[in-house]
Amino acid sequence: MKTIISLICSILLISCSTSKMEKNVVNELLKNQLIKLPYIKVVMKESLQTLVSLEYYEKAYQDKNIRLGDMIRIRPESNPPFTWPIDSLEITKLKEKHKKDTISQLWRKNNFQGLKLKLANARAIKNFKSHLSKRYFGDEGIAISKPIITSDKEFVLIFFKTFTLGKYSNHPMQKAILMQNKEGSWRIKEIYDDPNIIY
């Protein structure tokens, strides 16, 4: 009985520390992106599919030997030489771990400490006649995936997509971001996007 209780406590402790880590990652991402995208006012409550960030990274990893100028599906935004801290074995491991992670996480206000952002559900965002769309007409919103943390907890992948409130946007910005834990703070190491989309 004691073994079962200690096992349950361990699982709960790991779960709490992971969710705290996810919260820190999302907070750091938003702080960083809001500097670059100051028009973001709204966050979609529902998270995007978890695996989309890993899919972006995997395509970039698979296309890493394609010459610049040739057709690349996803590419890092930095300049070569590129680094690939998540190898094919870790990609496979993470895909297996998160393949059943299809339930959308609901972000809460406390996920965004110190940030003045409105949380809204996807239905209100898509309804151009809603009070939300009228109030924030022309402002930007952001939808974020649940972070994928590597086995060693040193790196994390997260995906975001922007949208415009109250009107249709042809090419929303969408990127996968690789973040690294440096002395307890998450810093962006690389950004991956589709070079064939013009924002």
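A polar contact is a pair of N or O atoms within 3.5 Å, where, within protein, one atom must be able to donate a hydrogen and the other to accept it, and where residues adjacent in sequence count only if both atoms are side-chain atoms. The model is predicted, so that local features need pLDDT of at least 70 and side-chain atom pairs count only at pLDDT 80 or more, while totals for chains, interfaces and linings use all residues. Residues are numbered from 1 along each chain as its sequence is written, and side-chain values use heavy atoms, with hydrogens and water left out.

View 1. A side-chain oxygen of Asp 87 lies within 3.3 Å of the backbone nitrogen of Leu 89 at the start of H3. Helices (H or I, at least four residues) and strands (E, at least two) are DSSP runs, numbered from the N terminus.

**View 2. The two sides of H3.** Glu 90, Ile 91, Leu 94 and His 98 of H3 are buried, that is, under 20% relative accessible area, whereas exposed means over 50% and partly exposed in between (1.4 Å probe, protein chains only). Seen down the axis of H3, these buried residues fall within an arc of 105°, so they line one face of the helix; the arc is that of the directions from the helix axis to the C-beta atoms. Leu 89 and Thr 92 are exposed on the other side of H3, and the buried residues pack against H2 and strand S5 (148–149).

**View 3. The largest nonpolar core.** A nonpolar core is a set of buried Ala, Val, Leu, Ile, Met, Phe, Trp, Tyr and Cys residues joined through side-chain atoms within 4.5 Å. The largest one has 30 residues, and Tyr 57 and Tyr 192 have the most contacts inside it. Helix H2 gives the largest share of this core, six residues. With residues up to four places away in sequence not counted, Tyr 192 touches, among others, Tyr 57, Ile 74, Trp 84 and Leu 178, a contact being heavy atoms within 4.5 Å.

**View 4. Helices H1 and H2 by confidence.** Among the elements of the protein chain, helix H1 (residues 2–36) has the lowest mean pLDDT (57) and helix H2 (residues 52–62) the highest (96); pLDDT is the predictor's confidence in each residue, from 0 to 100. Over residues 1–18 pLDDT stays under 50, and the model has one contact beyond four places in sequence for these residues.
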